[in-house]
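Subject: Structure handover

Dear colleague,

Here is the structure for your files. My notes follow below it.

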Amino acid sequence: LASVTHSYTIQVLISMSGKLGRKLYICFQEADGQFGKFVTKQAAENMPPNMTYKCSKSRKMSTSLVISWMKRVLKEEL
């Protein structure tokens, strides 16, 4: 079951007025913490411009992934 299950976390930005941010941040779970060549190529070719992505061994947002989100998404919104 685990080999066919895909896990991810989606981080959205919502202002206090309820407005959605322009970018969506997705953290995918990958066994070794990085995408393979095929997935890297497919993601680069097919990911919409309003989505930013990263992967880790865990689908949960670690401190380093939150910092990545802040640099890649939050910084553009400010």
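The notes go from the overall fold to the sheet, the core and a few single residues.

This is a predicted model, in which local features need pLDDT of at least 70 and side-chain atom pairs count only at pLDDT 80 or more, while totals for chains, interfaces and linings use all residues. Residues are numbered from 1 along each chain as its sequence is written, and side-chain values use heavy atoms, with hydrogens and water left out.

Overall fold

The protein has two helices and three strands, where helices (H or I, at least four residues) and strands (E, at least two) are DSSP runs numbered from the N terminus. Read from the N terminus, the order of elements is β-β-α-β-α. Of the 78 residues, 18% are buried; buried means under 20% relative accessible area, exposed over 50%, and partly exposed in between (1.4 Å probe, protein chains only). The protein exposes about 6,000 Å², with carbon and sulfur atoms supplying 59% of it; these areas come from the Shrake-Rupley method with a 1.4 Å probe, and for residues only the protein chains shown count as cover. Among contacts (heavy atoms within 4.5 Å) with a separation of 6 or more, 60% link residues 24 or more positions apart.

Sheet

The three strands form an open sheet in the order β1-β2-β3, with mixed pairing; two strands pair if DSSP finds at least two bridges between them. β1 (8-11) and β3 stand at the edges with a single partner strand each, so one side of each has no neighbour in the sheet. From one strand to the next, the twist averages 20°. Axes here are lines fitted to C-alpha atoms, for helices over the stretch in contact, and angles run from 0 to 180 degrees between N-to-C directions. β1 and β2 are antiparallel and share four bridges, and Ile-10 stands opposite Ile-26 in β2. Helix α2 lies across β1, β2 and β3, and runs at about 160° to β3.

Core

The largest nonpolar core has six residues: Leu-13, Tyr-25, Cys-27, Leu-65, Trp-69 and Val-73. Such a core is a set of buried Ala, Val, Leu, Ile, Met, Phe, Trp, Tyr and Cys residues joined through side-chain atoms within 4.5 Å. Two or more of its residues come from each of β2 (24-29) and α2 (63-77), and α2 gives the largest share, three residues. Tyr-25, leaving aside neighbours within four places in sequence, has contacts that include Ile-10, Thr-52, Leu-65, Trp-69 and Val-73.

Single residues

Thr-52 is in strand β3 (residues 51-56) and counts as buried because its relative accessibility is 6%. Beyond four places in sequence, Thr-52 touches Lys-23, Leu-24, Tyr-25, Ile-26, Arg-72 and Val-73.

The whole structure holds zero disulfides, a disulfide being a pair of cysteine sulfur atoms within 2.5 Å. For Cys-27, the nearest cysteine sulfur is that of Cys-55, 7.3 Å away. Both cysteines count as buried, Cys-27 at 0% relative accessibility and Cys-55 at 12%.

Glu-30 sits in the loop between β2 and α1 (37-46) and is partly exposed, with a relative accessible area of 23%. Glu-30 and Ser-56 are 26 residues apart in sequence but 5.8 Å apart in space, C-alpha to C-alpha. Residues up to four places away aside, Glu-30 touches Phe-35, Cys-55, Ser-56 and Lys-57.

Regards
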